[in-house]
Amino acid sequence: MWFVAGLIAGCAAAQAAVLLAPTTGTIAVAVAAVTLLALATNVRLFAQATGTTGRGRLAWLIAGVASSCWTLACLLYLLDVLTGNDGPPPRAGDWASLLAVCLAPGVLLSAPAAPQPVEQRVRLAIDGTMVSAALFVLAWPLLLRDTMHEIGNLGGIVAIGVPSVHIACIAIAIVLLSRSRLGGTTAVTVLTGGFAVFAVATLGYLFLGRRGGSWYVHAMPAGFGTASGLLYFAGRFRMPAGGEEPAVPLGWRAALPYLPVAGAFVVAGAAYRSGAVDGVMVSALLLVAGLVLVRQHLVLRTNSQLLAEVQRARAELAHQATHDHLTGLPNRALLYASLPDLRGGLVLLDLDGFKQVNDTLGHPAGDRVLIEAAGALRSAVRAGDLPVRLGGDEFAVLLTDVHDEREAVAVADRVIAAIVARVSASGCPVPVGASAGVVVGVGGEEMFRLADAALYRSKAAGKGRVELHVPA
């Protein structure tokens, strides 16, 4: 660890030395420092692969191979510096560097992640394409447009292909970072950052090289050293287990894909003012704008689905709060909420013989009796009446439209007969009936108290009876 920290400090010192005195010696020292750091990163990544299994092992192995290609590129660049080879690209180091960055997306895409539905995979593809197109707009006036006339030779193909691969790598990194776990950093997050820095540093090298700047001075120690350091320290973090990464962007990172989009329109605006807008830039901008619209449509669709799910969950919670989970009947809370606004009638019922069912046949048999009794209650009440399970073996019927006491007593008699018939038909060997207390013409909680008193008198006088409250 201290050795690597010393190499990073050496890269920083070499950067300062090259800026102050850009000689062959200082440049060679800077490249050598980055090469040693890349070699240490190589060892660390392969060591991580030996202690990991599954897709995590594959990701570490590909990262190690990519780092090996970069180490080879650094050695070749160092040889160029020492021999004074400053020929036109592509040089041998360029090919090794290109292979390294071509492997980078494989590292990021092979890392363990949660299985995602088709719609989420489509959104990932749209995000990647959108960010790539936006980065293309950024790179077009700065780097790519001037190389188009060279497309007919090998150097031109490399000049176009290298930035394109790096742009794709940066796009993948941005999309993955926008979806990385907010609760903690994983190896994938650090690897993504390292490859992104590597790609940006390479694009900076190409840009400065096109304009006659020394890419060793501006990019090698700072950019490539930082990238190698990040790849090395990725080994200090764990690979995420499948299912840990969130399927959708979260928090402020959700805005990351829009940053290159905003930059693309700023660059396009500046190009328009200077008269440098061409058909390629306009086409790429139209693609970006179209993908943004498609993405927003998918976001709105997802939000609508989430809102519908929330509404369904709220309705389900409201139903659970006011209904009995065993029988599905309205519960005591709904009955009490309805009492203040009602001046009709109330029937309270208590099952006869239910305790014997529980004692001799067990509670599962008792639950089946309660379910049958609830079904009988539903079938026997009138339209508009409210059947309720109060708890235990107690039920009630709230009569919303009752004209006289005889009508209320008729409902109670019909409910008791239905309970006896239904429970008996279900095969219960223990006779089960019901007793009822009825009150009519009293409002509010007083109705419940009087009906309960009538039920008590019914049970005392003999089971299977209906007792009507008679005002004094």
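How many bridges join strand 1 to strand 4, and in which sense do the two strands run?

1. Eight bridges join strand 1 (residues 345–352) to strand 4, and the two run antiparallel; strands pair if DSSP finds at least two bridges between them, and strands themselves are DSSP runs of E of at least two residues, as helices are runs of H or I of at least four, numbered from the N terminus. Within strand 4, Val-438 is the bridge partner of Val-347.

2. This is a predicted model, in which local features need pLDDT of at least 70 and side-chain atom pairs count only at pLDDT 80 or more, while totals for chains, interfaces and linings use all residues. Residues are numbered from 1 along each chain as its sequence is written, and side-chain values use heavy atoms, with hydrogens and water left out.

3. Strand 4 (residues 433–440) also pairs with strand 5 (residues 466–468), in the parallel sense and over three bridges, and there Val-466 is the bridge partner of Ala-436. Eight of the eight residues of strand 4 are buried, where buried means under 20% relative accessible area, exposed over 50% and partly exposed in between, with a 1.4 Å probe and protein chains only.

4. No disulfides are found in a search of the whole structure, a disulfide being a pair of cysteine sulfur atoms within 2.5 Å. For Cys-69, the nearest cysteine sulfur is that of Cys-102, 9.4 Å away, and Cys-69 counts as buried because its relative accessibility is 12%. Cys-169 is buried at a relative accessible area of 0%, and its sulfur lies 9.4 Å from the closest cysteine sulfur, in Cys-102, which is too far for a bond.
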